[in-house]
Every structure is written in C-alpha cells, then in structure tokens.
Amino acid sequence: MAKQANKLVIVTEKILLKKIAKIVEECGAKGYTVMETGGKGSRNVRSSGQPHVSETDSNVKFEILTENREMAEDIADKVALKYFNDYAGIVYICSAEVLYGHSFCGPEGC
C-alpha cells in the first residue's frame, strides 16, 4: 500500500546547492535528490549543466519527499526568504504516493 507524501521541488542556481541542502537537513527531511538542470525563466536562459559550464552558470533541481506539508512549506519558506531576492529560483509542492522506499516508509514497507 502506498504512503502519502508531499514532493517539494526547488529549482535554483547551482551555487546555492550546499546552502539549500543544509536548510533541508536542518528542517528534518530524511533525504533529497539533486539533479543538474537548465531552462528558461524570468531571469533568462540557464545552461543545461554541461561539463564545460561554471558553477555560476547552471541550475540544480532538488526533489524532497516529506511526510507532512508543514515540513515542505517550512523548507520552502526558509529557502525563498533567504535566497530568492538575490538568486533565481522557483519552489512548488506536489502530492505524491511513495510505493517503495525503505528509508521513507520504514523497514516494514509502505
């Protein structure tokens, strides 16, 4: 049986990777996934994360599963308030169902 979760997604500049990871951990999330990404938004086109690109010219996408919406919103608020006045970024939350995930669901499964 699936376990309900919230998927928090943060897309921002790669230079913030370690700082955002620290906020995520301090807020109590059990883990996260980070991917290099690129695209176009209100602050122009960003690179696709190719190897020749510097750390300041690419984006990262965090995906964080949380058991409750309050934790997801806490992480989102802290990241946005601290960084999004000076750096490009977007945050959104989706409903998710975890089917398999030992660390998220526990040893007994979902």
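Tutor: Buried means under 20% relative accessible area, exposed means over 50%, and partly exposed lies in between (1.4 Å probe, protein chains only). The model is predicted, with local features needing pLDDT of at least 70 and side-chain atom pairs 80 or more, while totals for chains, interfaces and linings use all residues. Residues are numbered from 1 along each chain as its sequence is written, and side-chain values use heavy atoms, without hydrogens or water.

Student: Happy to start there! What share of the 110 residues in the protein chain is buried?
Tutor: The protein chain has 110 residues in this count. The buried part of them comes to 30%.

Student: In what order do the 4 strands of the open sheet stand?
Tutor: Two strands pair when DSSP finds at least two bridges between them. Strand E1 (residues 3-13) is joined to strand E6 (residues 89-98) by 10 bridges and to strand E5 (residues 59-66) by 8 bridges. E5 also pairs with E2, over 5 bridges. The pairing is antiparallel, and the order is E2-E5-E1-E6.

Student: Which strands stand at the edges?
Tutor: An edge strand here has a single partner, so one of its sides is left without a neighbour in the sheet.

Student: Which residue is the bridge partner of Ile 10 in E6?
Tutor: Let's go through some opposite residues. In E5, Val 60 stands opposite Thr 12, and Phe 62 stands opposite Val 34. For Ile 10, the partner in E6 is Val 91.

Student: Which strands does helix H2 touch as it packs on the sheet?
Tutor: Contact means heavy atoms within 4.5 Å. Helix H1 (residues 17-26) lies across E1, E2 and E5, at about 10° to E5. Helix H2 (residues 69-83) packs on the sheet with its direction at about 10° to that of E1.

Student: At roughly what angle do the axes of H1 and H2 cross?
Tutor: On the H1 side, the contact involves Lys 19, Ile 20, Ile 23 and Val 24, which meet Ile 75, Lys 78, Val 79, Lys 82 and Tyr 83 of H2. The two axes come within 9 Å. Their crossing angle is roughly 145°.

Student: How many aromatic pairs does a search of the whole structure find?
Tutor: Rings of Phe, Tyr and Trp (its six-membered ring) pair if their centres lie within 6.5 Å; planes under 30 degrees apart count as stacked, over 60 as edge-to-face, and the rest as tilted. With the whole structure searched, the number of aromatic pairs is 2.

Student: Is Phe 62 buried or exposed?
Tutor: Tyr 32 has 32% relative accessibility, which means that it counts as partly exposed. Phe 62 has 0%, so it counts as buried.

Student: What angle lies between the planes of Tyr 83 and Tyr 87?
Tutor: These rings form an edge-to-face pair, 6.3 Å centre to centre. Tyr 83 is buried at 8%, whereas Tyr 87 is partly exposed at 25%. The angle between the planes is 65°.

Student: Which residues does Lys 30 touch, not counting those up to four places away in sequence?
Tutor: Lys 30 is in the loop between H1 and E2 and counts as exposed at 57% relative accessibility. Glu 67 is 37 residues away from Lys 30 in sequence, with 9.6 Å between their C-alpha atoms. The residues touched are Glu 67, Ser 103 and Phe 104.

Key. Helices (H or I, at least four residues) and strands (E, at least two) are DSSP runs, numbered from the N terminus. Axes are lines fitted to C-alpha atoms, for helices over the stretch in contact, and angles run from 0 to 180 degrees between N-to-C directions.
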